[in-house]
Structure formats: C-alpha cells, structure tokens
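Thanks, everyone. Please have the sequence and the model open while I talk. I'll go through the sheets, then the helices, then a few single residues.

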Amino acid sequence: MLNLNSSIKYIKGIGEKRAELFNSLGIFDVDSLLHFYPRKYEDWTNTTSVAEAVNGETVCIKATMITPVKENMIRKGLTLYKCRFSDGESVIAVTIFNNKYLANSLRVYEDYVLFGKLEKNFTTASMSSPQIEKITATDSIHPIYPAKERLNSKAISKAVRTALDEIDEIPEILSGDILKKYNLISLDKAIRDIHFPKKEEDIAPARNRLIFDELLVLQLGLLKLKGTKKKETGIKIENDFTEDFMSLLPFEMTGAQKRAMADCIKDMQGDYPMSRLIQGDVGSGKTAVGAGVIYTAVKNGYQTALMAPTEILATQHFESLSKLLSPVGIRVELLTGSASAKQKREIKSRLIDGEIDLLIGTHALIQNDVEFENLGLVITDEQHRFGVKQRAALAEKGTDVHTIVMSATPIPRTLGLILYGDLDISIIDELPPGRQEIRTDVVTSGYDNRIYKFVRDAVDKGEQCYIVCPAVEENELDVKSAEQLAEELSQGAFKGYNLGLLHGKMKPKQKENVMKAFVQGDVQILVATTVVEVGVDVPNATIMVIENADRFGLSQLHQLRGRIGRGSKKSYCILVSDNKSEASRERLLTMKKYSDGFRIADEDLKARGPGDFFGSRQHGLPDLKIADMVNDVETLHLTQGCAREILASDFNLDNPHNKALCDRINKMFSSIYF
C-alpha cells in the first residue's frame, strides 16, 4: 500500500527508469506528486457538434469511428495515420502524427470523444492530432500538467490518479478550529479536487485551501527563522542625540529622513530590540539616516556595525561616514576580505577592547573570531543580498541588539509583507532637493552611432558615462559581453578616450582600482556588468547606456539608472534592445513612464513573479507551487495572522498536532536554509 512518503518508482506503471523523468520535474515521492498541480484544465463535459462549432476553435465532439485507420509513412521518422469519424450529421477527417499506440487502439463503429482544434469549410471538417478517448471520458474535467518532452501531461495525470486510488485519506495538517475559522475544505478533498474536479465549481475551494496551506507554511517558516518571540533588551538608549547629529550635516534632512530617524530612536528607547526596515528609492538618503542612528547609539556608549554586500559599497560607506563622524571623535574602521592578515588581527583586537565605535564591512563581519565588547546596533545595507541567517549571524555578535535593514530596492507591498513580516517599516518617500528626474529612452542598436556621438560630446565637456552589459565573457548569454564590448569600443567609437572595464570576476583590488579611477575622473567611460548596480556615487556621471536591456529585470534597471543623476547636471539613461517582442518593449517603456521605484517594482513583480524578482535566490524565498504573490494578497494577510496565532501558543511546534506543519516547513525551506 502506498503512503505519502513512498518513492515515485513504486507507483504502478512507473518503475526505476520512468521515475528519473519524474525526478527531473522535482517529483520524488507520492507527496511531491500530489503537490505537482495542474496548470490548467480542459472541460470535456461541454460537447458540441461540427455544425455548431466555430472554425479554428478547440472543441470537444462526441463521434463514432466510421473508417479503419490508414497508415502513410511520409519519411523516416514521420508516419501519418488517417481515419474518419461522424458526429451523426457531419464527417470529420482525423490525422494522427507518429502515435502508433493510439492508432492501433482505435476500433471502427466504437464511440469516442475528440478534443482538439476543428478546421472546417463548406464541405469538410478536419482535426489534426486531437486527443481521442473512449466515450466514458466525457464525464470529467481533464487536468493539464506542466510536462516535458518524454513525460507528457497524460502520463502525469495517470500517475496521480493511480496514487490517489491507492492511498488512504490524506492526513489533515490543520486543526478543526482553523478550518472552521477560515472556511477551508479538508486537505484530502482539496488534493483530489485540484487534480480531478468533477465540475468546474470544485476547483476554486480546492485552490483556496492549497494556497492557504502554502502561504501559511511559508509564513511559519520565515517567522520561525526570524525568531519573532520578542525578548526584553538590556540595550536601552537613554538620550537622543539627533539634534547634535543634524548640526554636523552640510544639508537639511528631508521630512521623510527625519521621520525615519525618529522611528529608530523611539524603537531603541523602548523595552524590546528594534527590528526596522528603512526602505527608500535610490538616492533618497538612507545612509544619512543610518549615520544619525549610529551617532545616537555610540553617544550612549554602544558599539555599532554596518554590513554591506560588496567591498566597493563597504568602502564608500567607510569613506563617507569617517568624513562625517571621525571629526567628532567616533572611531570608524573597515573590515573586508581583502584586508591583510595583520590588519584583520589588529582590527579584531581593537574591536574586542572597545576601541572601535563603528565597524563597517562585508560578510567578513560575521566570521566567528569577530567579537565586539559592547555591540548595541547592527545595520545591514542592501539587505536583499544577504540571507536571513547571515543577517541573524551579525545580530548574534551582541545580546538582543537593535537591528536596521536598509534597502534601495523598492519591494512591492506583497513581498514586503513576507520578507519583513516581523519588521517595522519606515519608508523614505522624498528625494533630497536638487535630485532631478533622469530622461530615459528605449532604442534599438541601430542607434549605436548616434548614442556614441552623444557620449563623446558629453565626455568632451568633462562628463562621464557608464555602459552596462548583462554578460562578463563572450557566449555567456549569447549577447555581446562587457570584455568584448570594451575591446571593440576602445579600438573604435571611443579610441583615444580613457575606457575602463569592471565586472564581478575581477579581483577585489582590481575592481577597487578601476572604480577609484572612475570616481577621480581618470576613467571617462566605464564598461561594466551589474556590479555597478550597488556602487559608489559619481556625481559627474551623466549618461548610462544599458545594452541588451531586455535581459534585466525592471527593478534592476531602476537600480542601475540610480547610479546617474547624482549631481546637478541633466542625466540620461538609454536602454538598448533589439528584442522584437511587444511584451518586452512594453516592459522597457515602463522605465520611460515611471521614475518611482515602488511603482516599477510592482510592475516588475506582476511581469516576472517573485522567483525572479531579485534574481536567482537573492530574495531568499522558496519557490511557490500554487500561490501567487500578486493575486493572493488577501490570503497572505490571513495566513500571517494565523501563523502568529499558532506560534504564540507553540513557537517550536512541539505539540503533536503541529508535527505535520513542522514537516511541511522543513520540506519547503530545506533547499534554502537547512
């Protein structure tokens, strides 16, 4: 007898060899097969006649086979089988391609259902390779699964039906109280109805139940990972030094910056550790807010840490914060992977002795031998590039420390609910005075000569330019690479100009040198990959050309665009794409239409879904099989509340009735965290 943990190979008709095909779809056992859902359905209950059918539409026709099958070999590897059917009034000529098994199974004068596209004119009707089944099949709605070449939807459907016939009732994972409160059907009924609904009305309740389960398990897993049980903190900030800090600044903070800073200080004066997200568009001034909170924490006697995803960004923070805070006695230090062993030893020694007030660095900060004397505040910048555990590892360098995560990647509300379910959010929705809108254009490579002349004219006036490519080396994405383009341009359109090359495969020291040369104006034109997406401010850079722009997500394009327009001169972003798809062009025109990163992020999420929103795995979310981040917001809210209720009474899910939920969490998150 099968159970949910039985290997897929033990299902009748599968075996060792076929199991490998199922494995390639991520199906290894009965449980993963039952959670491999249909992508759509074909309604075979609604039959029509040839006379009533619309030419060119996919229809379902009951018909009797009236001629035997004739076999025609067209060429090696292609055999056509031809026969005729009648629906009682009209004759349908049917052609079957290369399916000997089906052709041999058909019998003259027996009744069948034909499902496929009907082509007809005044005298004839025909169907090419329709699905053909015995008449008993008309009482069902057929599931259509995401299939592979050697494993079609019908084979998957057959395996699911066999498994469901052989297993007992699917065990329930939710309590009766939850089912009643949220008006959910049983898991057994939901699984059976999602695969083989008897009528169309059965599908919605089944989907609702399975979407609820998936989002609940997701929320439980994330809330457990984030450790949402709040403990009282011993790190209580007594005095607010915001006024002192603002007097150090050479500019007036925006209202949004002041509100975000006030939110943080208020949190740190409370009984519990602060957990706050500061979210703001590119150039909105998050770093200044972070600096203000650091200032108050240090003045109250605590050490602080700021973790950035790249050495370039960590170095930028070190330089800007040292310039601001060192003159008032705050001791700032930088720790990155490229520091010498001697430098690292000295920094770590001074850190544990309390001689460093603010340590800025990359992942190097979370190494075991990095110890603080009195850590009170941790800030993670561009946090979506760090996994949940990396962020937690830094916070664990102290006891119940205050934490801020900062992001310049505008995250749609739906993703924000999931990623930051346990965080308070401050949004900086004002740009500092003087920041201007960047003109954005979408063109084809036919405009290259005009673009290059435009760049030369700007560089001749003392301005600088970025040219961004999606690939580092040739053939990586079947597009021109950064290395190849830099070589061509240095010998062609920009011969005689100082051209630099920057990409992720370069050594940290090389990257640093190139970026430094660009900042200082020695490099006039920088050809780069997305390594510049999170980079230093170069106010003199006024043009960004993005090659093969269709290869980037909208949010990534917005991040890249944010590298320019940081000075007082008019700036231009030129998106180059030869993709002829209308959808691709519409997507790129979104960049021309909107400058608000949050609006762009919403459009991006709708277009690409959460799996690709931040690029491969950067979002730190497991893949979802049935729930949809855009359309299932309401259920997202419900499951968040439900998850908190469950964890409030049984945080470790130790109760026997929560074991199944615990198993689901481990299964969902195993590929990412465990």
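One term before we start: contact means heavy atoms within 4.5 Å. Angles run from 0 to 180 degrees between N-to-C directions. And keep in mind that this is a predicted model.

Find helix 12. It lies across strand 11 (303–307), strand 12 and strand 13 (358–361). Helix 12 runs at about 135° to strand 12.

What sheet do those strands belong to? It is an open sheet of seven strands, in the order 12-13-11-14-15-10-16. The pairing is parallel. At the edges sit strand 12 (332–335) and strand 16 (424–428), and each of them pairs on one side only. From one strand to the next, the twist averages 20°.

Let's look at one pairing in that sheet. Strand 10, residues 275–280, pairs with strand 15, residues 402–407. The sense is parallel, over five bridges. Look for Leu277: Val405 in strand 15 stands opposite.

Helix 9 packs on this sheet as well. Helix 9 touches strand 10, strand 14 (375–381), strand 15 and strand 16. With the direction of strand 16, helix 9 makes about 160°.

Stay with helix 9. How does it pack with helix 10? Helix 9 covers residues 255–268, and helix 10 covers residues 286–299. Their axes are 9 Å apart, at an angle of about 30°. The crossing is right-handed.

Which residues meet there? From helix 9 we have Gln257, Ala260, Met261, Cys264, Ile265 and Met268. From helix 10 we have Ala288, Val289, Gly292, Val293 and Thr296. By class, that contact has eight nonpolar residues, three polar ones and no charged ones.

Is Lys348 buried or exposed? The cut-off for buried is under 20% relative accessible area. Lys348 has 14%, so it counts as buried. Leaving out residues up to four places away in sequence, Lys348 touches Gln367, Asp369, Val370 and Glu371.

At one end, strand 17 pairs with strand 22, residues 572–576. That is parallel again, over five bridges. Thr440 has Cys573 in strand 22 as its bridge partner.

Now an antiparallel pair. Strand 1, residues 40–43, pairs with strand 9 over four bridges. Tyr41 stands opposite Pro143 in strand 9. Strand 9, residues 141–144, is covered on both faces. Ile141 and Pro143 are on one side, His142 and Ile144 on the other, and all are buried.

On to aromatics. How many aromatic pairs does a search of the whole structure find? The number is nine. Take Phe85 and Tyr112. Their ring centres are 6.0 Å apart and their planes are at 85°, so the pair is edge-to-face. Phe85 is in strand 4 (residues 78–86) and Tyr112 is in strand 6 (residues 111–120). They are 27 residues apart, and the pair links distant parts of the chain. Phe85 and Tyr112 are both buried. Elsewhere, Tyr452, Phe494 and Tyr497 form one aromatic cluster.

Two last stops. Helix 18 runs over residues 554–561. Seven of its eight residues are buried, so helix 18 is largely enclosed by the rest of the structure. The buried ones are Leu554, Ser555, Leu557, His558, Gln559, Leu560 and Arg561.

Finally, Ala660, in helix 23 (residues 659–669). Ala660 has 27% relative accessibility, so it counts as partly exposed. Ala660 and Glu172 are 488 residues apart in sequence. In space, they are 8.1 Å apart, C-alpha to C-alpha.

That's my tour. Over to you.

Terms used:
Residues are numbered from 1 along each chain as its sequence is written. This is a predicted model: local features need pLDDT of at least 70, side-chain atom pairs count only at pLDDT 80 or more; totals for chains, interfaces and linings use all residues. Side-chain values use heavy atoms; hydrogens and water are left out. Two strands pair if DSSP finds at least two bridges between them. Helices (H or I, at least four residues) and strands (E, at least two) are DSSP runs, numbered from the N terminus. A crossing is left-handed if the near helix is turned anticlockwise from the far one by less than a right angle, and right-handed if clockwise. Ala, Val, Leu, Ile, Met, Phe, Trp, Tyr, Cys and Pro count as nonpolar, Asp, Glu, Lys and Arg as charged, and the others, Gly among them, as polar. Rings of Phe, Tyr and Trp (its six-membered ring) pair if their centres lie within 6.5 Å; planes under 30 degrees apart count as stacked, over 60 as edge-to-face and the rest as tilted. Buried means under 20% relative accessible area, exposed over 50%, partly exposed in between (1.4 Å probe, protein chains only).
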